[in-house]
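Welcome, and please bring the model up in your viewer. We will hop from one selection to the next, with a short note at every stop.

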Amino acid sequence: MGAEFSVLKREIRMEGNQLDFEDPSTSYLEKTDSTSQSPTMCPVVLETAEQELIAEESAPTTDSDEIGIANIEMKNVFNHLHLVDSTCTDQDIYSDESPLPGDWVNDDWTDNPSELEDASNANGIMRKRKISNSTLTSEDFPSKKQYYDQNNLNLERLTPKLAENELDKIDKIKIRRSCIPSKDDPPEEMMEWLKTFSKWSNAERMLAIDMLVDECEPTQVRHMLQLIEPQFQRDFISLLPKELALYVLSYLEPKDLLKAAQTCHSWRFLSEDNLLWREKCQNANIPLTDPSIIKCSKNRNVTSPWKSSYMRHHAIEMNWRVKPIRMPIILKGHDDHVITCLQFCGNQVVSGSDDNTLKVWSVLTGKCLRTLVGHTGGVWSSQMAGNVIISGSTDRTLKVWNAETGQCTHTLYGHTSTVRCMHLHENKVVSGSRDASLRLWDIKTGQCLSIFLGHQAAVRCVQYDGRLIVSGAYDYLVKVWDAESEICLHTLSGHTNRVYSLQFDSTHVVSGSLDTSIRVWDVETGTCKHTLMGHQSLTSGMELRDNILVSGNADSTVKVWDILTGQCLQTLSGSNKHNSAVTCLQFNTRFVVTSSDDGTVKLWDVKTGEFIRNLIALESGGSGGVVWRIRANETKLVCAVGSRNGTEETKLFVLDFDADYK
């Protein structure tokens, strides 16, 4: 039984320790004597426990004793454990502002003889059993958030509640308490800890922080995050010298630069830099917009002309891609005849027809400004530069017209058959005819400067750069001529059928043939550098720009090529491809616009080859409606439409994609 008595003493000592409560201003409630730091146990509790254990030894053993279960009456024991603070109610206990009972009132336990007698006469048999916290009421425990005010240094302890009549004998000490700590009034231990922390090395501090975070709850970690994040949200751009800040911003894409301008006034000022936007425009091949157009812009706060140019360019691109297509201007005037050639210069369009006439139109008003009458046969080729128009006809002549007055200034005679093609360069024009010859003309004087003979069949296409002339004919050959000496420098042979189309950039010659191939030639050596295979029929039209070639074919497909490598970059086909032969095409650095015998005009992305949308789709498409020719500039598209069976009236559509500044 001595062992059991020792165990019970340890149990009760543990329970006594459970009555201590954490205090930020002190350590656990300590009741120590002068020689020991161990908590002093309540003598009443120990004496009562010893008496009850002795009573147990003299009591008869029962079955319940054998299995360690006893009916215990511990009321009298718990009566000695009540805390004295009559001012602390249930509501106070469970609130953050509830008063803390504190420690015991006196340094010694009160020894009440009557209560000791009740404890020694306790009914029941006492076994080894741990006192449960659940038997204590809410009044017995203060809130953990409470702590003593550090300004009150002389704290006194409270004693357990012994008897109601003794409350009158105890002087209640009112202690100032602070419910929420603050930087102005932190706990003393916290300041000591911070002093210690400041003395540690960096490695020790890092370890302390790691261990502190491990001890924190999620809400406390989130609080740390809220404190730390602003430290990294530094406006480093505004702190840099302007030159360095602009250098950093130059790496942003234009769309990101526009977003940066919305951050703050400092960033907006930097993002409006004119030289910065000039670089962006140069990278995108965007020219500086006419100042008169910029003044019409809705965004009058934009101070950079280059930025205004870029913004206008972007707005125009969005109009082509996604914005609703405005109602086109419709130009009628050639009756039911075929529009054989089309030129677009400035705000004027010139259409030539097999009705022997040409018409000059205003794309702004949609009116026919004048009709050029004089040819006695159908007009099958034309060129335009400024106010000068040159036309070639089946009547074997070329005519030079003044676009403003409509007068014919010169009629150029010499060919003996239809003038099927021509190319204008400055004040000179080269014409190719079905008589297998080429002629060089001065359009100011109307004189024939040179005649080039060598082809054995009709000349179908011609290019001229002011120094060299390149011609393609039905004799399957491509020839390179010196314009001054009239000498044939190279005869480019390799095609096995008629040559229908040519492109020339002063370095490369590109020829398209009925044999389905496209050939790339070196103009200086006359050698074939690449043979581009992939089309299944006649290449009806091509355009070359910056070593990128776009070809349209009668097989209803369009291909994008790199003429330096001979690689096909994109094939514009798929479920949205044309359903009939491609009749004409135009392209720039962003788009490819194609027309077809199926009565549609389609817009494609030149870089990805993806179909964007239909710009025109005739109701008569598929039943006779045809788009014969298209011409486009940055903001407008002109389409010549009609039919061969009368299902579609001959007319011109003018679509406007300009930015809306109204």
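Start by selecting E649: this residue is partly exposed, with a relative accessible area of 39% (buried means under 20% relative accessible area, exposed over 50%, partly exposed in between, using a 1.4 Å probe and protein chains only). Before moving on, note that this is a predicted model, where local features need pLDDT of at least 70 and side-chain atom pairs count only at pLDDT 80 or more, while totals for chains, interfaces and linings use all residues. Residues are numbered from 1 along each chain as its sequence is written, and side-chain values use heavy atoms, with hydrogens and water left out.

E649 and K332 form a salt bridge, with the closest N and O atoms 3.3 Å apart (a salt bridge is a side-chain nitrogen of Lys or Arg within 4 Å of a carboxyl oxygen of Asp or Glu). E649 sits in the loop between β33 (636-643) and β34, and K332 in the loop between β3 (329-331) and β4 (339-345), so the pair ties together parts that are 317 residues apart in sequence. Strands and helices here are DSSP runs numbered from the N terminus (strands E, at least two residues; helices H or I, at least four).

Next, pick E524 and R467, whose side chains meet in a salt bridge at 3.4 Å, N to O. E524 is in the loop between β22 (518-522) and β23 (528-532), while R467 is in the loop between β16 (459-464) and β17 (468-473), so this pair connects parts 57 residues apart in sequence. R467 is partly exposed, at 44% relative accessibility.

Which residue pairs with D658 in a salt bridge? Select R312: the closest N and O atoms of the two are 3.1 Å apart. D658 belongs to the segment after β34 (651-656) and R312 to helix α16 (residues 305-321), 346 residues apart. R312 counts as buried, at 10% relative accessibility. Across the whole structure, a search finds 11 salt bridges.

For the last stop, show β8 to β11 as a cartoon. They make an open sheet of four strands in the order β8-β9-β10-β11, with antiparallel pairing (two strands pair if DSSP finds at least two bridges between them). β8 (379-385) and β11 (408-412) are at the edges with a single partner strand each, so one side of each has no neighbour in the sheet. Zoom in on β9 (residues 388-393) and β10 (residues 398-402), joined by five bridges; there, V388 stands opposite N402 in β10.
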